[in-house]
Amino acid sequence: MQANQVKPTNIFTMDKARIVRFYDLTRDVRFFQVRPYTLDMAYMMDYRPGQFMMVSIPGVGEAPFSISSTPSRPGLFEFGIRKMGVLTEKLFELKESSFIWIRGPYGNGFPIEKMKGHNLIIVMGGLGAVPLRSLLLFALDNREDFGDIYLLYGARTPDDMLFRDEYLSMKQRDDVKVLLTVDSDPTGVWSEDIGVVTNLFSRIKGIDPEMTYVAVCGPPVMYKYVIKELIKMEIPKHQILMSLERRMKCGVGKCGHCAIGYIYTCIDGPVFTYWDVIHMKELI
Ligand code: FES
């Protein structure tokens, strides 16, 4: 296959991929770096931040996982996967260079073209750090396309914070404002904030709400409080974007597992605006 060919369009096509690297992000979340089996295929698999892939092990199962890498660094897919079932237990047993199968990318992802030219506030909690890392890295790799960039991340403890060292080192940069907080600090060495993520909003200064997009992903309980802050800041509702999780099976709008009314999270989402959520409260 030549590098300038496009990926086959069968939506169910699975590709063999190799785990090239992994390490633990927390006690039960592992970072996986995966490369499609052939280099040509690796460079053909374009995607946008906010999309997901179906990952499978033959004879074990298949599940959707948010992509955590950025398309601006092509050739590899990165995932942050929590151990929580038969498939993920098996994934955690695999060694580097093991093969898995992937298909996708699926889902709408973030509307990058509309977001360009705007400020960007990224608000993450828990596993929400996985899909939003893709958006953050993409924006930093295309820094001139965005105004001010803020990262607000709340975790339970420092040891529960995914990509903690990566975000702590980002604090050295002067083109992104990184604000990290934890509910509590059993380590006793945490030098960042302690408290809920909404406490950090008072540190966002001087941005024009009309010129700002906000991306939010975290546990369901977080949205209510974060959205309250964003409404107070007068961020337009269609510029508040939420990446929402839903039980998915086929990933391509065929099985109905992810359906809420007429909406299929796998194809209409997983990224929704606050307007969508107002009209369909069951989304959160
Ligand atoms: S996951 Fe099958 S329809 Fe959405």
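## Gly 125 and its partner strand

Gly 125 stands opposite Gly 154 in strand S8. Strand S7 (residues 119–125) and S8 (residues 149–155) run parallel and are joined by six bridges. Two strands are said to pair if DSSP finds at least two bridges between them. Helices (H or I, at least four residues) and strands (E, at least two) are DSSP runs, numbered from the N terminus.

A word on what you are looking at: this is a predicted model, in which local features need pLDDT of at least 70 and side-chain atom pairs count only at pLDDT 80 or more, while totals for chains, interfaces and linings use all residues. Residues are numbered from 1 along each chain as its sequence is written.

## The seven-stranded sheet

S7 and S8 belong to an open sheet of seven strands, with the order S10-S9-S8-S7-S11-S12-S15 and mixed pairing. Which strands stand at the edges? They are S10 (193–194) and S15 (271–273); each has a single partner strand, so one side of each is left without a neighbour in the sheet. Strands of a sheet pair through backbone hydrogen bonds, either parallel or antiparallel.

Helix H4 (residues 129–141) lies across S7, S8, S11 (212–217) and S12 (240–243). The helix runs at about 155° to S7, where axes are lines fitted to C-alpha atoms (for helices over the stretch in contact) and angles run from 0 to 180 degrees between N-to-C directions. Contact here means that the C-beta atoms of two residues, placed from the backbone, lie within 7 Å.

With S7 it pairs in the parallel sense over six bridges, and Met 124 stands opposite Cys 217 in S11. With S12, S11 also has parallel pairing, over three bridges; here Val 214 stands opposite Ile 240 in S12.

How many of the six residues of S11 are buried? Six of the six are, and the strand is mostly covered. A residue is buried if 20 or more other C-beta atoms lie within 10 Å of its own, exposed if 12 or fewer, and partly exposed in between, with C-beta atoms placed from the backbone. Thr 212, Val 214 and Val 216 point one way from S11, Tyr 213, Ala 215 and Cys 217 point the other way, and all are buried.

Thr 273 is found in strand S15. With 17 other C-beta atoms within 10 Å, Thr 273 is partly exposed. Leaving aside neighbours within four places in sequence, Thr 273 is in contact with Lys 237, His 238, Ile 240 and Leu 241. Thr 273 and Ile 240 are 33 residues apart along the chain, yet their C-alpha atoms are separated by 5.5 Å.

## Backbone details worth a look

One joins Gly 104 and Pro 105, with omega about 5°, and Pro 105 is found in strand S6 (residues 99–106). Another runs from Gly 269 to Pro 270, with omega near 10°; Pro 270 lies in the loop between helix H7 (265–268) and S15.

Positive phi values also turn up in residues other than glycine. Ser 97, in the loop between helix H2 (86–93) and S6, has phi near 80°. Phe 163, in the loop between S8 and helix H5 (164–170), has phi near 55°. Are these residues buried or exposed? Ser 97 is exposed, with 9 other C-beta atoms within 10 Å, whereas Phe 163 is buried, with 21.

## The chain as a whole

Step back, and the secondary structure comes to eight helices and 15 strands. The C-alpha trace spans about 50 × 45 × 35 Å along its principal axes. A compact globule of 284 residues would have a radius of gyration near 19 Å, and the chain has 19 Å, which agrees; the radius is taken over C-alpha atoms, and the globule rule is 2.2 Å times the number of residues to the power 0.38. Buried residues make up 40% of the 284. Among contacts with a separation of 6 or more, 69% are between residues 24 or more positions apart.

The domain assignment gives domain 1 (15–106) and domain 2 (112–243), with bounds that come from an automatic or database assignment. Their C-alpha centres lie 24 Å apart. The contact between them takes 15 residues from domain 1 and 16 residues from domain 2.
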